[in-house]
Protein chains: 2
Amino acid sequence: MIVKTQYVTFDQELKLQSGATLGPITLAYETYGSLNEDRSNAILICHALSGDAHVAGKHAETDRKAGWWDEAVGPGKAFDTDKYFIISSNVIGGCRGSTGPGSINPKTGKPYGLTFPVITIGDMVEAQRMLLDHLDIPRLLSVTGGSMGGMQALQWAVSYPNRIRSAIVLASTARVSPQAIAFDEVARQAIYADPSWNHGDYYQSTPPNAGLAVARMIGHITYLSDASMRQKFGRRLQEKEKFGYEFATEFAVENYLKYRGSSFTQRFDANSYLYITKAIDYFDLSQGLSSFAEAFRKVKSRFLVVSYSSDWLYPPAESEEIVRALLQNGMDATYVEIQSNYGHDAFLLEAERLAGLTRDFLARVEKEGVNPPPGADRKSR
Amino acid sequence: MIVKTQYVTFDQELKLQSGATLGPITLAYETYGSLNEDRSNAILICHALSGDAHVAGKHAETDRKAGWWDEAVGPGKAFDTDKYFIISSNVIGGCRGSTGPGSINPKTGKPYGLTFPVITIGDMVEAQRMLLDHLDIPRLLSVTGGSMGGMQALQWAVSYPNRIRSAIVLASTARVSPQAIAFDEVARQAIYADPSWNHGDYYQSTPPNAGLAVARMIGHITYLSDASMRQKFGRRLQEKEKFGYEFATEFAVENYLKYRGSSFTQRFDANSYLYITKAIDYFDLSQGLSSFAEAFRKVKSRFLVVSYSSDWLYPPAESEEIVRALLQNGMDATYVEIQSNYGHDAFLLEAERLAGLTRDFLARVEKEGVNPPPGADRKSR
């Protein structure tokens with residue numbers, strides 16, 4: 001499957017949750033499959049912290065790797081491109097084609113750097129809404145994503161209840177925990193600590209790769225599980241038979257982290273890492289409300305919520321909290337906890353088990369429409 | 001309780017596990033209570049990663065804080081100074097009075113820096129053995145510690161079965177997991193990434209405080225638990241009513257980590273952090289053996305092993321692994337998993353519950369002597 005990244009620029013300013021405005025903005029996006037005649041088969045895939053618009057397929061036959069979720073998006077896969085029209089865009093604040101802190105601010109002719117406004121998951125969704133208007137898609141069959149992608153799916157359901165028929169939320173949360181904030185903050189501190197960061201002003205000099213690599217290593221620990229690390233690495237030494245008693249790499253797990261950290265700096269902008277982790281930390285659908293259930297009072301979409309047993313970044317209990325709030329609102333929600341040792345990364349890796357769930361769920365959404373199920377009583381609304 | 005740190009310097013060289021030698025070495029130590037006439041009431045307390053010889057009491061009435069385990073060491077406490085003679089020393093490789101990378105190498109007249117040899121938990125114990133010889137204590141009533149202190153207690157039991165009557169191992173492990181190694185490695189990478197680190201050569205210039213602070217923040221996340229973070233901080237904002245949409249501190253948990261990180265740099269040497277985390281990572285009593293149980297084949301001491309339910313750095317399963325191995329060797333071992341939300345830090349905080357356990361255990365050791373219990377059959381030895 002050969003795909004091409006497309007770009008659209010909006011002249012109107014985006015009004016941000018903080019009160020600031022941002023614009024003009026450009027969004028990078030890709031589409032897969034065909035939109036049907038009544039424009040009713042579109043699914044929006046939202047990416048996680050380090051993802052981008054390139055979900056599946058390759059840009060050229062010679063590409064070494066396919067898109068980040070190629071296992072789940074394609075003909076016959078969890079998100080079947082033979083049936084559905086899949087859309088994916090890089091979030092604002094990102095560094096993979098959409099407007100972010102590394103973009104040129106047209107008002108100054110220089111990269112935004114830290115003058116880029118702080119954004120939220122709500123702002124990312126607002127930009128996606130502009131993209132859907134541009135593509136003339138009145139209502140999505142579904143919006144889905146894992147991790148931060150799941151936050152966007154939840155935000156869609158809350159912000160635009162009439163524009164989505166369903167949400168598929170994977171390995172995610174409706175309110176980011178203090179432990180997750182703590183990991184994000186330490187990652188940011190690692191970037192701030194790199195003198196090359198220079199308060200975000202480094203686009204004409206050396207980027208803070210050392211700090212960004214440390215930030216990414218911290219992230220990777222949270223994406224795996226204790227069990228998967230034992231399976232994958234154990235205490236195996238890296239290309240040696242016995243301890244070298246030196247600070248060079250001794251253990252395979254060290255080698256893995258270092259590789260992941262340094263390769264990440266080749267494709268990601270440190271300032272984007274700051275802005276996107278900040279957006280994650282702010283995410284709390286219950287913010288300012290009297291109850292968690294209240295956050296979901298206006299949603300109309302069907303929900304498939306999937307958690308992964310060994311995910312300790314956004315653990316199953318946080319998915320259950322979402323489902324409980326939906327049920328309290330008289331909504332129809334399907335919840336599955338997939339048994340997996342892969343930790344948070346499971347949402348990317350357990351594609352076959354996901355396919356079994358999405359196929360049935362999407363077929364039911366197509367057939368039965370939105371919540372509430374026919375004849376159901378939704379007293380609480 | 002006013003105490004004084006004492007120092008002893010050994011002229012003989014310490015032969016290290018790596019094959020290198022180190023010497024002369026100085027050890028900083030403190031003692032509490034009185035040694036009885038037959039020198040049989042001595043307990044050695046081993047400290048964790050960032051601890052030191054100053055376990056309890058104050059150095060001066062005006063000290064703001066008492067020693068790091070004052071809750072557990074003193075008259076009538078878990079380690080009762082009315083009954084026992086408590087000894088504690090700073091580990092070699094440390095920076096709190098014992099010889100470490102920041103010490104002057106007498107052969108060059110300059111600080112060791114990275115020319116300091118890589119050390120192990122076994123080497124720390126060897127230095128402590130020299131201290132006990134110096135104090136003329138033939139056999140310890142007990143050796144104890146939490147976290148890395150527990151590793152030293154285990155190592156004592158294995159290396160010097162005839163010199164300890166019991167070991168009390170808290171929140172520890174006999175083989176450090178890949179996840180724990182991963183956190184240590186990222187902490188080290190944060191230090192390496194700080195240009196002020198300068199390959200360990202910074203004693204005449206600015207120390208790598210930014211990197212060390214990030215390292216410490218990573219550590220602190222692993223010392224708390226998800227539950228304790230929810231209780232202690234939740235998503236509470238730091239001295240503000242609503243989001244500031246800025247990179248300054250927003251959440252209380254961020255403020256906590258930053259404070260912990262920066263205050264740590266006032267009292268700890270970055271190179272010591274590197275050497276001590278490395279010693280932790282190497283720790284695996286089963287290294288090179290055919291079974292885990294084999295590691296404990298020569299031990300003779302009684303064991304009290306305590307884990308804490310929410311400790312995810314050295315989780316209860318790793319304590320159970322130790323106890324299982326002891327039982328497989330026909331040994332007598334008492335195992336308690338204390339229900340606590342405090343995470344790894346629980347070993348420091350749950351001092352009262354610990355006191356209930358140590359009182360009975362130590363009394364029994366005094367009365368019944370070492371393993372095996374009288375009449376028991378130790379076929380496997």
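**View 1. Chain A as a whole.**
In this predicted model, chain A contains ten helices and 14 strands, and its C-alpha trace spans about 70 × 50 × 50 Å along its principal axes. A compact globule with 381 residues would have a radius of gyration near 21 Å, and chain A, with 21 Å, agrees with this expectation. Of the 381 residues of chain A, 55% count as buried. Among the contacts in chain A with a separation of 6 or more, 72% are accounted for by residues 24 or more positions apart.

**View 2. The open sheet of chain A.**
Eight strands of chain A form an open sheet with mixed pairing, and their order is β1-β4-β8-β5-β11-β12-β13-β14. The edge strands are β1 (6–10) and β14 (333–338) of chain A, each of which pairs on one side only. From one strand to the next, the twist averages 20 degrees.

**View 3. Strand β4 of chain A and its two partners.**
Strand β4 (residues 25–32) of chain A runs antiparallel to strand β8 (residues 85–89) of chain A, and four bridges join the two. Within this pair, Y29(A) stands opposite S89(A), while E30(A) has S88(A) as its bridge partner in β8(A). β4(A) is also joined to β1(A) by five bridges, again with the strands running antiparallel, and here T9(A) has T26(A) of β4(A) as its bridge partner. Because six of the eight residues of β4(A) are buried, this strand is largely enclosed by the rest of the structure.

In chain B, eight strands form an open sheet in the order β1-β4-β8-β5-β11-β12-β13-β14, and the pairing is mixed. Its edge strands, each pairing on one side only, are β1 (6–10) and β14 (333–338) of chain B. Strand β4 (residues 25–32) and strand β8 (residues 85–89) of chain B pair in the antiparallel sense over four bridges, and S88(B) in β8(B) is the bridge partner of E30(B).

**View 4. Where the two chains meet.**
The contact takes 41 residues from chain B and 41 residues from chain A. On the side of chain B that touches chain A, at least two residues each come from α3 (178–192), α4 (209–223), α5 (226–232), α6 (252–264) and α7 (270–282) of chain B, and α3(B) gives the most, with nine residues. The residues of this side of chain B divide into 24 nonpolar, six polar and eleven charged.

**View 5. The largest nonpolar core.**
In soluble globular proteins, nonpolar side chains tend to be buried together. The largest nonpolar core here has 242 residues, and those with the most contacts inside it are V186(A), V214(A), I218(A), V186(B), V214(B) and I218(B). Leaving aside residues up to four places away in sequence, V214(A) touches A190(A) and G261(A) in chain A, as well as V186(B), Q189(B), A190(B), A193(B) and V214(B) in chain B.

Conventions. Residues numbered from 1 in each chain as written. Chains lettered and ligands numbered in written order. Predicted model: local features only at pLDDT ≥ 70, side-chain atom pairs only at ≥ 80, totals over all residues. Pairing = 2+ DSSP bridges. Contact = placed C-beta atoms within 7 Å. Nonpolar A, V, L, I, M, F, W, Y, C, P; charged D, E, K, R; others polar. Rg over C-alpha atoms; globule rule 2.2 N^0.38 Å. Buried ≥ 20, exposed ≤ 12 C-beta atoms within 10 Å, placed from the backbone. Core = buried A, V, L, I, M, F, W, Y, C linked by C-beta atoms within 7 Å. Axes fitted to C-alpha atoms, helices over the stretch in contact; angles between N-to-C directions.
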